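Open your viewer and get ready to click along. At each stop you will find something to select and a short note on what is there.

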Amino acid sequence: MIRFVPRERTPVWLTLAVSVGAGLVALLLTAIPLALSGAPVLQSFLFMVQGAAGSGFAFAETLTRATPLIFTGLAAAVAFRAKLWNIGAEGQLYAGALATVALGAGLLDLPSYLLVPTVLVGAALAGAALLLVPVFFKMRFGADEVVVTLLLNFVVLLFVQMMLEGPMKDEMALGWPQSAPVLDEATLPKLVPGLRLHWGLVLAVACAIGLHVLITRTVWGFRIRAVGENARAARYAGLPVSKAMALVGLLSGGLAGLAGASEVAGLKGYLTADLSPGFGYAGIVVATLANLSPLGVVPAAVFIAAVFVGADSMSRAIGVSNYLADLVVALSLLSVLVGGLLTRFRIVLVRREAA
Amino acid sequence: MIAPTAPDQPDRTPHHTRPLVLSLSGITKRFGNLVANDVISLDVHAGEIVALLGENGAGKTTLMSILFGHYVADEGTVHIADAGGRLAPLPGGSAEAALAAGIGMVHQHFTLAENLTGFENIVLGTVPLWRLGFGKAAARAKVARLMKESGLEADLGVPVGRLSVGEQQRIEILKALYRDVRVLILDEPTAVLTPQEADSLATTVKALAAKGLAVIFISHKLHEVLALCERVAVLRGGAKVADRPAAGADRATLAELMVGREIPARERMPAALGAPVLHLAGVDVGAPGERDRLEGADLELRGGEIIGIAGVSGNGQGALAALVAGLKAPRRGRCEIIGQVATRADPGARLAAGVGRIPEDRHRDGTIGALTVAENYVLETLADPENQRHGLLRRAAIRTRASQAIRDYDIRCPGPEAPIRALSGGNMQKVVLARVLERAPRLILAHQPTRGLDIGATTDVHRRLLAARGRGAGILLISEDLDELFALSDRIAVMHAGHLSPAMDVAGLDMRTVGLMMAGHSAEEAA
């Protein structure tokens with residue numbers, strides 16, 4: 001007989017092991033449909049690993065893909081810590097991207113050292129504003145933020161499409177629905193010449209470190225944790241619950257907005273309606289894999305990015321559909337949720353004595 | 001609250017003439033280095049009510065879990081009489097075997113399916129699920145007979161979620177009787193009952209015992225144990241330290257056996273009255289339709305006195321506590337707290353004014369389980385310069401002060417960095433107490449401050465509250481425990497249906513009067 005005994009505290013190594021183990025289990029489970037489809041399993045995985053980290057170029061590509069995932073992963077992590085279920089990072093990302101082209105594609109004529117920060121702040125504020133609306137509705141009327149943030153994603157995406165077909169359409173783009181390119185002064189420089197890797201990565205890692213310090217070392221971080229773990233007791237203790245939630249909304253939406261700015265100003269150069277292949281949603285997986293730890297978000301984002309980049313490369317090499325990446329991501333989310341059982345409970349085998 | 005007024009006096013013949021139904025011998029259970037049960041032997045005879053006493057962690061739960069097959073004893077045996085009265089060994093580690101052998105238990109937290117009716121709950125597990133709705137005539141007849149014989153009455157036709165706690169408990173007992181139990185274990189059965197319900201439970205239990213049922217009564221309310229039980233077994237630190245007839249035992253002796261040391265008497269020294277710290281004039285809290293509301297309350301509490309608020313919970317104590325704690329605003333009337341008129345719901349403002357609050361539910365309102373002992377200790381004082389500088393937590397200083405509080409208040413925990421949910425209820429309450437008293441509050445709200453605590457922890461809370469009174473704090477003590485109210489309070493006011501009676505001097509007040517007022521009689525009628 002198996003019994004689940006609640007743990008009083010979870011050792012750090014176990015939390016780490018569960019995250020890493022979940023990724024491995026997901027890959028193992030993916031082998032089943034691979035084998036069923038008749039593809040050579042080991043070779044496929046080899047292609048994936050090579051595609052994701054087989055060369056400096058491949059690894060740089062993985063890090064490029066990880067950059068927006070770090071931002072959206074942090075956005076989910078800080079919100080989920082406070083039990084604010086922000087499913088709207090995708091929309092906030094587009095809001096940030098829209099702000100980036102609005103400010104950086106000719107409206108402001110500033111030197112680079114002023115324009116880049118202006119664009120980043122503008123993008124963060126746009127993402128934050130988009131999340132503060134559901135937070136206000138939640139605090140004031142008890143509206144469910146899952147529904148509101150999720151539906152806002154579609155509203156924002158349609159709004160972006162409208163802008164790209166209308167007022168923000170680039171007349172020089174041969175009829176394609178895309179915005180005018182951001183100015184060189186608004187562009188995030190490349191980290192290494194010749195690679196797509198840009199300063200957005202450095203910014204993302206700095207945000208992870210900053211968020212870690214905020215949550216563990218500051219009064220406001222304490223308040224966020226307290227509100228998330230037990231809002232009733234936090235209110236009883238006189239903590240500013242509404243302000244803490246507003247701060248969480250500001251941080252989470254702002255980080256998702258930065259993901260949009262980083263993609264536009266660091267990588268694409270202009271805005272299209274297919275800027276994000278679901279980075280906002282993948283951020284939820286990243287945060288969960290990281291056990292909501294801001295520092296853990298960085299390796300988790302790199303792992304998820306590696307799966308996507310590796311699967312693309314594999315599909316080019318041996319013709320297995322790159323939808324396999326979605327399968328790995330979904331399975332790792334499920335595995336880490338199951339693994340959560342191990343961090344919360346000790347599993348004890350009880351020997352039954354014969355009657 | 002149990003008065004010895006049962007119509008059926010239990011059979012008082014000495015136990016050796018009655019057949020043995022349950023015999024535990026030499027039970028030992030270890031968890032790692034901890035010896036939870038240390039060679040415990042216990043015999044229970046037919047028709048006998050045996051009390052099992054002990055503080056939290058004394059080993060009561062482990063012993064009962066072994067009896068029920070949830071744990072397997074490392075050493076020792078359990079024998080139980082079969083239908084013919086012959087003792088047979090009970091196989092360990094099997095709940096099915098324990099049920100089949102006639103052991104039934106009513107847990108403190110009921111195990112009823114709330115969406116099923118009383119009848120369905122009673123027969124649940126004895127017939128396949130899909131046949132529940134058919135209501136077999138034989139089963140109905142048996143339940144009706146059991147209700148008649150035992151005097152346990154409950155509405156069996158509605159979902160149990162709609163029944164009162166007392167009725168749910170009666171259904172739990174009927175559920176056990178339906179399975180033809182010979183040994184019935186009641187775990188803290190009166191913790192959730194009103195005094196009247198507890199009285200009726202005692203009557204029932206005595207009647208059942210008179211018919212030959214063996215009852216093990218787990219409780220820490222000593223007066224109940226003495227009124228109801230014939231024999232008292234006391235566990236301490238995993239070992240049985242006493243097994244004696246209840247006749248001739250007194251509360252002080254039993255309490256000392258449980259705690260293992262002499263319990264200092266509570267002494268309420270006269271204290272000088274200070275300025276008013278709480279003044280209510282015609283205060284309403286909560287909408288008129290709400291159950292837990294306050295209507296036209298008048299009260300003046302001064303520094304250096306304790307006013308006790310008696311009443312069955314849910315009669316407005318929650319609203320009064322919420323007002324003082326700052327969770328609710330007065331809807332009407334004038335509320336002055338430490339010289340300031342309180343008009344808004346603002347817990348932070350109450351704290352700043354010098355109010356210390358001990359909430360009723362320390363898990364839900366008083367502590368944040370996932371945070372550490374140190375973090376919970378500074379929860380209310382985060383913004384103070386001793387805890388932060390420029391918004392950065394002074395973690396070393398917080399840890400040092402929490403360690404000091406752990407020493408001062410004798411909080412048993414792995415350390416200041418342990419999550420507070422790992423602590424026992426008593427130690428958790430000590431953290432809350434340390435947090436409240438550290439600020440030297442002028443007004444203390446103590447809402448059920450000792451609920452669920454064992455004797456040692458209760459004594460400690462009482463001592464600290466009296467010490468705070470001695471320093472000049474005014475204390476509003478809301479409690480359902482009349483013993484506690486009479487021991488600590490200078491004056492007592494009674495709450496019923498949202499109305500607060502004038503506060504009466506404890507000297508010359510008798511418990512019967514307060515009991516009648518709790519049931520809704522006016523002071524004149526009750527006197």
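A polar contact here is a pair of N or O atoms within 3.5 Å; within protein, one must be able to donate a hydrogen and the other to accept it, and residues adjacent in sequence count only if both atoms are side-chain atoms. Before you start, note that this is a predicted model, in which local features need pLDDT of at least 70 and side-chain atom pairs count only at pLDDT 80 or more, while totals for chains, interfaces and linings use all residues. Residues are numbered from 1 along each chain as its sequence is written, chains are lettered from A and ligands numbered from 1 in the order in which they are written, and side-chain values use heavy atoms, with hydrogens and water left out.

**Stop 1: where the chains meet**

Show chain A and chain B together. Between them there are 10 residue pairs in polar contact, both residues at pLDDT 80 or more. On chain B, helix H10 (347–353), strand S16 (355–358), helix H11 (362–366) and strand S18 (392–393) each give at least two residues to the side that touches chain A. Helices (H or I, at least four residues) and strands (E, at least two) are DSSP runs, numbered from the N terminus. H11(B) provides the largest share of that side, 4 residues.

Counting contact as heavy atoms within 4.5 Å, 39 residues of chain B and 25 residues of chain A take part. The two chains bury about 2800 Å² between them, 58% of it on carbon and sulfur atoms; buried area is the accessible area (1.4 Å probe) that two parts lose on being put together, summed over both.

Now select B:Asp365 and A:Arg232. Their side chains form a salt bridge at 2.9 Å, N to O, and the count between the chains is 2 salt bridges. The rule asks for a side-chain nitrogen of Lys or Arg within 4 Å of a carboxyl oxygen of Asp or Glu.

**Stop 2: two domains of chain B**

Next, colour domain 2 (264–354 + 440–527) and domain 3 (369–438) of chain B; the bounds come from an automatic or database domain assignment. Their centres, taken over C-alpha atoms, are 27 Å apart. Together these domains bury about 920 Å². Select B:Leu351, B:Leu453 and B:Arg464: they supply 44% of the area that domain 2 buries against domain 3, more than any other three residues. How many salt bridges does the rule find across this interface? It finds 0 between domain 2 and domain 3 of chain B.

**Stop 3: a salt-bridge network**

Select B:Glu48, B:Arg231, B:Lys240 and B:Asp243, which are linked in a network of salt bridges. Zoom in on B:Asp243 and B:Arg231, whose side chains meet at 2.6 Å, N to O. B:Asp243 is in strand S10 (residues 239–245) and B:Arg231 in strand S9 (residues 231–236) of chain B, so the pair ties together parts 12 residues apart in sequence. Is B:Arg231 buried or exposed? At 6% relative accessibility, B:Arg231 is buried, while B:Asp243, at 32%, is partly exposed. Buried means under 20% relative accessible area, exposed over 50%, and partly exposed in between (1.4 Å probe, protein chains only).

**Stop 4: a covered helix**

Finally, select helix H1 (residues 60–67) of chain B, where 7 of the 8 residues are buried. Among them are B:Leu63, B:Met64 and B:Ile66. Just after this helix, B:Gly69 takes a positive phi of about 85°.
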